[in-house]
Amino acid sequence: MKRHFLLSSRSILFFLFWGISLSFSNAFAFVIPDTGVTNCYDNQGNQIVCPQPGEQYYGQDAHYGPGTISFANNGNGSVTEANTGLTWEVKGAADGIANYSNPNDADNIYSWENAQSFVDELNAMNYAGRSDWRLPTAEELGSILDLSKDQPGPGIDTNFFVNCKAGSYWTADAYAGDLNKAWVIDFSSAGDDFLDKSNSFYVRAVRGGQ
C-alpha cells in the first residue's frame with residue numbers, strides 16, 4: 001500500500017500544524033513546496049483517475065500544490081531548494097556506525113540538547129564554506145518531505161539527499177505544552193510528533209531564511 005494513502009489523515013494534521021505555526025510566529029515565511037503526491041484515491045483507498053471539479057472526490061492533495069520541490073546540488077555537500085531559498089546539509093558516510101568526530105556522519109544521533117553541539121561543530125569546521133548553520137524549524141524540515149515515497153522511505157529525494165536515514169529528525173521547535181519535549185519530523189512515516197528532548201534522533205542542518 002502506498003505511503004501517501006496510509007498517512008492522509010496525519011498529513012492533514014501535519015499541514016494544519018504548519019499553518020498554525022506560520023500564523024503565530026515571526027519565523028521566516030516562504031512558499032511551502034508541493035508534497036509530491038500525484039495520485040488520487042476513493043474513500044476505500046483505491047487509486048482512481050483524478051476527478052474533475054464538481055466530481056466526487058475532487059479536491060485531493062494531487063489537485064493542489066504551491067510549487068514543485070526544486071533542488072540544486074551545490075557541489076560542496078549542500079543542496080538548495082528553490083521555493084524556500086534554504087540550503088541544506090547533505091550527510092556524508094553512512095556505514096551503520098556513528099562517528100561523532102565527524103558531525104556530518106549520517107549515522108550520528110543526538111538528544112535535542114546535544115543537537116546544538118552538532119551545529120556548533122559544523123560551523124566550527126566551516127562546513128560547505130559556511131558558518132551559519134542551524135537547526136531547522138518544523139515547517140522548514142517538513143518542506144523537504146516527499147509524500148509520494150513508499151514506506152519505509154526515506155521520504156525525500158535521495159538523488160540529492162544521499163545517505164538519508166528513514167527515521168526521526170529533531171527540529172529547533174520546543175513543544176509549547178511541555179518544554180521538556182520538542183517537535184520531530186519522521187522521514188519514514190512523514191508524521192510529526194513532540195517527544196522528550198532526552199531521546200536521541202538524527203539531525204539535519206539548514207542555513208538561510210529567518
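Reader: What joins strand S7 to strand S8, and how do the two run?
Author: This is a predicted model, and in it five bridges join S7 (residues 181-186) to S8 (residues 192-196). Two strands pair if there are at least two bridges between them, and five bridges are found here, so S7 and S8 count as paired. The two strands run antiparallel. One of the bridge partners in S8 is Asp193, which goes with Val184.

Reader: What do S7 and S8 form, and how many residues are between them?
Author: They form a hairpin, with five residues between the strands. Ala190, in the turn, has a positive phi of about 70 degrees.

Reader: Which strands form the open sheet, and in what order?
Author: Four strands form it, in the order S3-S4-S5-S9, with antiparallel pairing.

Reader: What makes S3 and S9 edge strands?
Author: Each of them, S3 (71-73) and S9 (206-207), pairs on one side only. S3 is joined to S4 (residues 78-81) by three bridges, and these two strands run antiparallel. Within that pairing, Phe71 stands opposite Glu81.

Reader: Now to the cysteines. How do you know that Cys40 and Cys50 form a disulfide?
Author: Their sulfur atoms are 2.1 Å apart. The cut-off is 2.5 Å, so the pair qualifies. A search of the whole structure finds one disulfide.

Reader: Why is the disulfide of Cys40 and Cys50 called right-handed?
Author: The torsion about its S-S bond is about 95 degrees, and so the disulfide is right-handed. Cys40 lies in strand S1 (residues 40-41) and Cys50 in the loop between S2 (47-48) and S3, so the pair ties together parts that are 10 residues apart in sequence.

Reader: Is Cys40 buried or exposed?
Author: Buried: its relative accessibility is 1%, and the limit for the term is under 20%.

Reader: Why is Cys50 given another label, and what is its relative accessibility?
Author: Cys50 stands at 26%. That value falls between the 20% and 50% limits, so Cys50 counts as partly exposed. Cys164, with a relative accessible area of 11%, is buried.

Reader: How many of the residues in the protein are buried, as a percentage?
Author: Buried residues make up 44% of the 210 residues.

Reader: Which residues have the most contacts inside the largest nonpolar core?
Author: They are Trp88, Leu141, Ile144, Leu145, Ile156, Phe161 and Phe187, in a core of 18 residues. A second, separate core has 16 residues, including Ala128, Val184, Phe201 and Val203.

Reader: Which residues does Ile144 touch?
Author: Leaving out residues up to four places away in sequence, Ile144 touches Ile69, Phe71, Trp88, Gly155, Ile156, Phe161, Phe187 and Arg204. Phe71 and Phe161 also belong to one aromatic cluster with Phe160.

Reader: What makes Tyr169 and Tyr202 an aromatic pair, and why is it called tilted?
Author: By the ring rule there are 11 aromatic pairs. In this one the centres are 5.4 Å apart and the planes are at 35 degrees. Tyr169 sits in S6 (residues 168-174) and Tyr202 in the loop between S8 and S9, 33 residues apart. Tyr169 is buried, at 2% relative accessible area.

Reader: How do you know whether Thr171 is buried or exposed?
Author: Thr171, found in S6, has 0% relative accessibility; buried means under 20%, so Thr171 is buried. A polar atom of the Thr171 side chain lies 3.1 Å from the backbone nitrogen of Asp173. Residues touched by Thr171 include Trp112, Leu141, Trp183 and Val184.

Reader: And Val203: where does this residue lie?
Author: Val203 lies in the loop between S8 and S9. At 1% relative accessibility, Val203 counts as buried. Its contacts include Tyr110, Phe118, Leu135 and Tyr169. The C-alpha atoms of Val203 and Ser111 are separated by 9.5 Å, though the two are 92 residues apart along the chain.

How values were computed:
Residues are numbered from 1 along each chain as its sequence is written. This is a predicted model: local features need pLDDT of at least 70, side-chain atom pairs count only at pLDDT 80 or more; totals for chains, interfaces and linings use all residues. Side-chain values use heavy atoms; hydrogens and water are left out. A nonpolar core is a set of buried Ala, Val, Leu, Ile, Met, Phe, Trp, Tyr and Cys residues joined through side-chain atoms within 4.5 Å. Buried means under 20% relative accessible area, exposed over 50%, partly exposed in between (1.4 Å probe, protein chains only). Contact means heavy atoms within 4.5 Å. Rings of Phe, Tyr and Trp (its six-membered ring) pair if their centres lie within 6.5 Å; planes under 30 degrees apart count as stacked, over 60 as edge-to-face and the rest as tilted. A polar contact is a pair of N or O atoms within 3.5 Å; within protein, one must be able to donate a hydrogen and the other to accept it, and residues adjacent in sequence count only if both atoms are side-chain atoms.
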